[in-house]
Amino acid sequence: MRENLGFLVAVLGSALTALSLIGSTQAPANSPNNIEPSAAAAIRQSFTAARRQFSAGHYLEAHESFLATASLAQRSGSLLIAAEAFNDAGASALARQDIRHALPDFLRARHSAEALHDATVIAGAMNNLASLYNTSGHPEVARQVATEALAASAGVKDKGTRPKLQVQLAIALAKLNRFPEALVLYRDAVDQLVEQGDPGTGARVRSMLGGAAIEAGHSDDAEVALDEALWMIRSQHLPESSNVLRFLAKIRGQRGDQRSATVLFDAAIKVPV
């Protein structure tokens, strides 16, 4: 569960993770020139404090600090910083599995982004919403949000946004028993991520594809995706994934290869949590 949650926060595009979707706030947000200097300093200080709290695992405190940052940004007239702060507040709530508070935070991030008329920020906010709806058991709503975001993604500057929106749509379609459509999206997203130099996220998406294929009863597609994920992880010297190993063990066991299944299960258990 913890590994799944870690990936979920990663693909949400939080400023607080190395695997950001929109990459909007990897460093303390740069305040627009039209913000009064003292207000800009207060925003920067609030953002920095919130990130420290998140990094320390104090997600409840970080959530409140990000909301305070968003409020400061709104009063100062910076919709961009407000959208970023609401987004990170949602990520903080999600890290606590607090969907009730994450949803309004992501909705406010979307509204701020739409008022800003910035296609990249809007796409990132909508990706977060789609991911949240997928997580909370509303795949049809997630499908609608992701489809809308993809249709409007032509003006998005960040190349990494589109494949991760495709992942959200693929997740939703798989949950709606439309796996063949999801398979095409998963594979295309992986190809784009690898081409963009993001093998870590590519490997994790392959793992997600493997899990979705198993759920849909497509064991051949699952085995191919998981074998490719494991190869990518080891060839790129990425951290081992217990999910990949467990999924592969399940398939090997179903095929009657108990020896391989045991080896893979043992390896999965040894992966650090």
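**The overall fold**

What pattern does the protein follow when you read along the sequence? The answer is α-α-α-α-α-α-α-α-α-α-α-α-α. In other words, there are 13 helices and zero strands. Helices (H or I, at least four residues) and strands (E, at least two) are DSSP runs, numbered from the N terminus.

Keep in mind that this is a predicted model, in which local features need pLDDT of at least 70 and side-chain atom pairs count only at pLDDT 80 or more, while totals for chains, interfaces and linings use all residues. Residues are numbered from 1 along each chain as its sequence is written, and side-chain values use heavy atoms, with hydrogens and water left out.

Of the 273 residues in the protein, 50% are buried. Buried means under 20% relative accessible area, exposed means over 50%, and partly exposed is in between (1.4 Å probe, protein chains only). The accessible surface comes to about 12900 Å², and carbon and sulfur atoms account for 53% of it. Those areas come from the Shrake-Rupley method with a 1.4 Å probe, and for residues only the protein chains shown count as cover.

Now for contacts, meaning heavy atoms within 4.5 Å. Take the ones between residues at least 6 apart in sequence: 55% of them join residues at least 24 apart.

Just after α2, glycine 57 takes a positive phi of about 85°.

**Two nonpolar cores**

A nonpolar core is a set of buried Ala, Val, Leu, Ile, Met, Phe, Trp, Tyr and Cys residues joined through side-chain atoms within 4.5 Å. The largest one has 52 residues, and Tyr186 and Val244 touch the most other members. Helix α9 (residues 179-195) gives the most to this core, with eight residues. Leaving out residues up to four places away in sequence, tyrosine 186 touches Val167, Ala170, Ile171, Val205, Met208, Leu209 and Ala212. Apart from this core lies another, of 21 residues, among them Ile43, Phe47, Phe54 and Ala73.

**Helix α8 and alanine 172**

Helix α8 is mostly covered, with twelve of its 15 residues buried. Those include Lys164, Gln166 and Gln168. Alanine 172 lies in this helix (residues 161-175), and it counts as buried because its relative accessibility is 0%. Not counting residues up to four places away in sequence, alanine 172 touches Asn134, Pro139, Ala142 and Arg143. Just after α8, asparagine 177 takes a positive phi of about 60°.

**A buried aspartate in a loop**

Where does aspartate 98 lie? Look in the loop between α4 (79-95) and α5 (99-116). Aspartate 98 counts as buried because its relative accessibility is 14%. A polar contact of 3.2 Å joins its side chain to that of arginine 96. Such a contact is a pair of N or O atoms within 3.5 Å; within protein, one must be able to donate a hydrogen and the other to accept it, and residues adjacent in sequence count only if both atoms are side-chain atoms.
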